[in-house]
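Here are my notes on this model. Please read them with the structure open.

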Amino acid sequence: MIAIAQEMTQFLLQRKRFWLFPIIFMLAVFGGLLIAAQGSAIAPFIYTLF
């Protein structure tokens, strides 16, 4: 998993696609929230954000 992130980062830096970093970051944050909301005690608090 870390190798994929490193490869993606190297690709973005070599191709000078800096504008993709915020998009990827936000997708990762929302993905993490969805995973955390699948049965944890913080699920009701996450659902109120949306």
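1. The expected span of a helix is 1.5 Å times one less than its number of residues. Helices (H or I, at least four residues) and strands (E, at least two) are DSSP runs, numbered from the N terminus. H1 has 13 residues and should therefore span 18 Å at 1.5 Å a residue; its end C-alpha atoms are 18 Å apart, which agrees. Lys16 follows H1 and has a positive phi, near 55°.

2. This is a predicted model: local features need pLDDT of at least 70, side-chain atom pairs count only at pLDDT 80 or more, and totals for chains, interfaces and linings use all residues. Residues are numbered from 1 along each chain as its sequence is written, and side-chain values use heavy atoms, with hydrogens and water left out.

3. On confidence, pLDDT is the predictor's confidence in each residue, from 0 to 100. The protein averages 84, and 96% of the residues score at least 70. H1 has the highest confidence, at 89; helix H3 (residues 43-49) has the lowest, at a mean of 72.

4. The protein has 3 helices and 0 strands. From the N terminus, the order is α-α-α.

5. How do H1 and H2 pack? Helix H1 (residues 2-14) and helix H2 (residues 20-36) make an angle of about 155°, and their axes are 11 Å apart. Axes are lines fitted to C-alpha atoms, for helices over the stretch in contact, and angles run from 0 to 180 degrees between N-to-C directions.

6. Met8, Thr9, Leu12 and Leu13 in H1 meet Leu20, Phe21 and Ile24 in H2 (contact means heavy atoms within 4.5 Å).
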